[in-house]
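Please keep the sequence and the model in view while reading.

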Amino acid sequence: MKNWFCNWGWTRVMSLVISVLVWISAVGTVATLTTAYPPDALAQNYNKENLLGADFSGRDLTQASFNHANLRKSNLSHANLQGASLFAAHLEEANLEGANLSNTTLDTARFIKANLKNAILEGSFAFSAKFNGANIEGADFTDVFLRDDANEILCQLATGTNPVTGRNTRDTLYCD
């Protein structure tokens, strides 16, 4: 025993003991985090997932990440997506009716023929997002960063008033 201790040295032994204690502490913390909070309370990562036709309706997806995810024909109606990232997500024909997309990253996302009726997109970054054929009746685009050509397309589609914020869709897009 003395030879082993002498060969390793006091510093190495203490370093090993501290490493084991830190590891045990970390495992305990992770176990606590995963059991103390409901699944929706922790940010979720769906990056690059194929979620074709998935049902996320009514879910709390705050700060979830859907970067490059295929959400085509998915149901995200009435979901809370505040602070989420949907960078380059494929949302063609997705249902986002009544969804809260406040302060989300929507850059290069494709909302082609998506249902954004009464959705709240306030403060989101949607530069280079595509909205061709989308239903934006009652959607709130207050302070959304859009390209000019996308804004023009949206102004052609804009109707209604958002039932939550009380803002007219055309006013939030600064249409004529």
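**Aromatic pairs, a disulfide and salt bridges**

Eight aromatic pairs are counted under the rule that rings of Phe, Tyr and Trp (its six-membered ring) pair if their centres lie within 6.5 Å, with planes under 30 degrees apart taken as stacked, over 60 as edge-to-face and the rest as tilted. One of them is the stacked pair of Phe 111 and Phe 131, with 5.1 Å from centre to centre and 5 degrees between the planes. This pair links distant parts of the chain, since Phe 111 and Phe 131 both lie in the loop between H2 and H3 and are 20 residues apart. Helices such as these are DSSP runs (H or I, at least four residues), numbered from the N terminus.

The model is a predicted one: local features need pLDDT of at least 70, side-chain atom pairs count only at pLDDT 80 or more, and totals for chains, interfaces and linings use all residues. Residues are numbered from 1 along each chain as its sequence is written, and side-chain values use heavy atoms, with hydrogens and water left out.

Are Phe 111 and Phe 131 buried or exposed? Both are buried, where buried means under 20% relative accessible area, exposed over 50%, and partly exposed in between (1.4 Å probe, protein chains only). Phe 131 also pairs with Phe 141: the ring centres are 6.0 Å apart and the planes stand at 80 degrees, so this pair is edge-to-face. Phe 131 and Phe 141 are 10 residues apart, both in the loop between H2 and H3, and their pair too is one that links distant parts of the chain. Phe 131 counts as buried because its relative accessibility is 2%, and Phe 141 is buried with a relative accessible area of 1%. Elsewhere, Tyr 46, Phe 56 and Phe 66 form one aromatic cluster.

Phe 125, Phe 127 and Phe 145 make a nonpolar surface patch of about 270 Å². Patches are made of residues with over 30% relative accessible area and no salt bridge, nonpolar side chains (Val, Leu, Ile, Met, Phe, Trp, Tyr) being joined within 5 Å and like charges within 9 Å. The areas come from the Shrake-Rupley method with a 1.4 Å probe, and for residues only the protein chains shown count as cover. Phe 145 is found in the loop between helix H2 (10-36) and helix H3 (148-157). With a relative accessible area of 43%, Phe 145 is partly exposed.

The next stop is helix H3. Its buried residues are Ala 150, Asn 151, Leu 154 and Cys 155. They cover an arc of only 140 degrees around the axis, so they sit on the same side of H3; the arc is that of the directions from the helix axis to the C-beta atoms. The face turned away from this buried side carries the exposed residues Glu 152 and Gln 156. In general, an α-helix has 3.6 residues a turn, so residues three or four places apart point the same way.

One disulfide is counted, the term meaning a pair of cysteine sulfur atoms within 2.5 Å. Cys 155 is joined to Cys 175, with 2.0 Å from S to S, and the link is left-handed, with -95 degrees about the S-S bond. The pair links distant parts of the chain: Cys 155 is in helix H3 and Cys 175 in the segment after helix H4 (169-172), 20 residues apart. Cys 155 counts as buried at 17% relative accessibility, and Cys 175 counts as buried at 13%.

The charged pairs remain. There are five salt bridges, each a side-chain nitrogen of Lys or Arg within 4 Å of a carboxyl oxygen of Asp or Glu. Among them is that of Glu 93 with Lys 73, whose closest N and O atoms are 3.8 Å apart. Both residues lie in the loop between H2 and H3, so the pair ties together parts that are 20 residues apart in sequence. Glu 93 is partly exposed at a relative accessible area of 33%, and Lys 73 is partly exposed at 45%.

Asp 140 and Arg 167 meet in another salt bridge (2.8 Å, N to O). This pair links distant parts of the chain, Asp 140 being in the loop between H2 and H3 and Arg 167 in the loop between H3 and H4, 27 residues apart. Asp 140 is buried, with a relative accessible area of 0%, whereas Arg 167 counts as partly exposed at 30% relative accessibility.

Technical notes:
Helix = DSSP H or I, 4+ residues; strand = E, 2+ residues; numbered from the N terminus.
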